[in-house]
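Work through each task before reading its solution.

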Amino acid sequence: MSTMDLRHLNQVQLSRRWSISPRTLERWRVEGTGPKFVAMGPRRRLYRMSDVDDWARSQTFGSTSEAKR
């Protein structure tokens, strides 16, 4: 695996990692609610691992009352 592959995930890779639909990531991009992404042209979207990790940490809660969505 190349250095690029270790630092970035595409939509399918991230959806598999989190066991969610790729369409969920698309919806989150439109809504601005998911992790930051890098636009590489009109169709290619990549997620930096550092942004993925930061976003996941921001979604960590101690109780359901903290997780108001």
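A salt bridge is a side-chain nitrogen of Lys or Arg within 4 Å of a carboxyl oxygen of Asp or Glu. The model is predicted, so local features need pLDDT of at least 70, side-chain atom pairs count only at pLDDT 80 or more, and totals for chains, interfaces and linings use all residues. Residues are numbered from 1 along each chain as its sequence is written, and side-chain values use heavy atoms, leaving out hydrogens and water.

**Exercise 1.** State how many salt bridges the rule gives.

**Exercise 2.** Describe the pair formed by Glu26 and Arg23.

Solution. Step one: the closest N and O atoms of this salt bridge are 2.6 Å apart. Step two: both residues belong to helix α3 (residues 22–31) and are three residues apart, about one turn of the helix. Helices here are DSSP runs (H or I, at least four residues), numbered from the N terminus. Step three: Glu26 is partly exposed because its relative accessibility is 25%, while Arg23, at 59%, is exposed. The classes are buried (under 20% relative accessible area), exposed (over 50%) and partly exposed in between, with a 1.4 Å probe and protein chains only.

**Exercise 3.** Is Asp51 buried or exposed?

Solution. Step one: Asp51 has a relative accessible area of 13%, so Asp51 is buried. Step two: Asp51 forms a salt bridge with Arg48, with 3.5 Å between the closest N and O atoms. Step three: Arg48 has a relative accessible area of 40% and is therefore partly exposed.

How values were computed
Helix = DSSP H or I, 4+ residues; strand = E, 2+ residues; numbered from the N terminus.
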